[in-house]
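Dear colleague,

I am handing over the structure below, and my notes on helix packing and aromatic pairs follow it. Please read them with the coordinates open.

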Amino acid sequence: MRTDHLEKNSKQITIRKLWRKRWMRAVSMLAAVTVFCTTYALILPAITINADVHCGKEEHEHTDACYASELICGLEEGQIPEGEEEIAAEPVTETTIEKVLVDAGHTHTEACYEAEQVLICENTEEDHEHDESCYEMQETLICGEEEREAVYEEKEVEVVVEATEEAKEETATGHVHTKECYKKELTCEKEEHKHGDECFADKNADLETSEIWERTLPLKSNLKEEWKEDTLAIAKSQLGYKESSLNYIVTEDGEHKGYNRYGQMFGNAYGDWCAMFLQFCMHYADVDERVMEGNPSVPLWVEEAKENKNFFELGDKIIVEEEVEVKDGEETKKEIKEVEKEFEPQPSDIIFFEWEGDESPDHVGIVDEIKKNDDDEITIIVTIEGNSQNEVRRNTYKIDDEHIFGFSRIPDKMTEEEIEEILEEREAVKQEAKEAEEAAAEEAKNANKKQYIGVD
């Protein structure tokens, strides 16, 4: 039994030693991590300042040591200015507070009383003769006032004070330099500069040329030479691209605008690039710019689309070409005919958004996918958007999302003859609109003229 007990104690001691070793090892590791984190936190500002500043300027703030003082009063200390040698200190008028009597008060004196003899004897016998004891002297108050204390008020009073001998001596002590006697002149040759966000922007980071970004595009052999499909294919190839976080400008409100390849292509490398991203895609899809160029400004893009009758909202009536079956006698043929339908978005359509609540479009993407319910109704739109959280990414919206502003459709690839025809149609529409505007202006002018001369 004793042997078993000793063996049991031995095992417990061994287990305790093992746990103690593990505990000491864990504490040592935690201590090492703490030391590393503390050290890194202390040296991080120095690392940032030394490694990440790209403005090329030294941080410097002017101090008193950066200036020299030049005496400009023209007088020496103690010098009495010319013409003032014999001027003594003149009397001065000072304002003081004094007590002014406003009511002298009243204390009764002898003059306030009148004395008279009053008969006080009550003896009415006939043989009684009044003497001095029958009378009493009484005083009657005749001043008409009550006794009261004097009343004073404190008032400001101007008093002329003659100059003291000390003041006269002080006048003759001469000039004492003050700060107005000196002009501070900057002698430091360093430019005053404090590092801001823009100082940490590396204008050489993440730069690209067309040779670099064209490597990210699909091979020409993998494109279909169709404007719609190829634009969407190129948009998909750009998914995941992010604007530079190292190379940026800082706007007046402190926002960082990162360098991006799409702005670089169109001469605005730090601009908002959602629209330029789509222009990039259409360019490499060979969409003819005369037919559909887009615009870096989303509102102007929408305006141009409306002018070209290429802006649609959900439910708009549009004319589309569809293959329909037509009976020719006993035979049934398929023909392409124009059919009026309600507009429904489709993949490769340009989609405009309004996020700021001002009823003006401010963002644009391309439709990637349409999802429908069991009733063949569109419920979901999947898009590809540039400059969405500073990258090219997919986003998903419900069909009735309040931020969807409208759509524009990339046309099918056209022949040169078809392009010329559509350009002529657009020119005719513009001319018609111009003539209508001029006619309306002339009509308004004539109406104003009739009103002026009083013609009904």
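A residue is called buried here if its relative accessible area is under 20%, exposed if over 50%, and partly exposed in between. Please keep in mind throughout that this is a predicted model.

By that criterion F312 and F343 are both buried. Their ring centres lie 5.0 Å apart with the planes at 15°, so the pair is stacked, and it joins distant parts of the chain, with F312 in the loop between α7 and β9 and F343 in the loop between β10 and β11, 31 residues apart. A second pair, W355 and Y397, has ring centres 6.3 Å apart and planes at 45°, so it counts as tilted; W355 sits in the loop between β11 and β12, whereas Y397 belongs to strand β14, 42 residues away. Of these two, W355 is partly exposed, with a relative accessible area of 40%, while Y397 is buried, at 8%. Over the whole structure the search finds 16 aromatic pairs, and ring pairs link W213, Y241, Y262, W273, F277, F280 and Y284 into a cluster.

Turning to the helices, α4 (residues 227-237) and α6 (residues 274-284) pack at about 125°, their axes 8 Å apart, which means that α4 is oblique to α6. The crossing of α4 past α6 is right-handed. On the α4 side the contact is made by T231, I234 and A235, and on the α6 side by F277, F280, C281, M282 and Y284; by class, these comprise 7 nonpolar residues, 1 polar and no charged ones. Helix α6 is mostly covered, with 10 of its 11 residues buried, and just after α6 D286 adopts a positive phi of about 65°.

With best regards

Conventions. Residues numbered from 1 in each chain as written. Predicted model: local features only at pLDDT ≥ 70, side-chain atom pairs only at ≥ 80, totals over all residues. Heavy atoms only, no water. Axes fitted to C-alpha atoms, helices over the stretch in contact; angles between N-to-C directions. Helix = DSSP H or I, 4+ residues; strand = E, 2+ residues; numbered from the N terminus. Parallel < 35°, antiparallel > 145°, perpendicular 65-115°, else oblique. Left-handed = near helix turned anticlockwise from the far one by under 90°. Contact = heavy atoms within 4.5 Å. Nonpolar A, V, L, I, M, F, W, Y, C, P; charged D, E, K, R; others polar. Buried < 20%, exposed > 50% of the residue type's maximum accessible area, 1.4 Å probe, protein only. Phe/Tyr/Trp six-rings, centres within 6.5 Å; stacked < 30°, edge-to-face > 60°.
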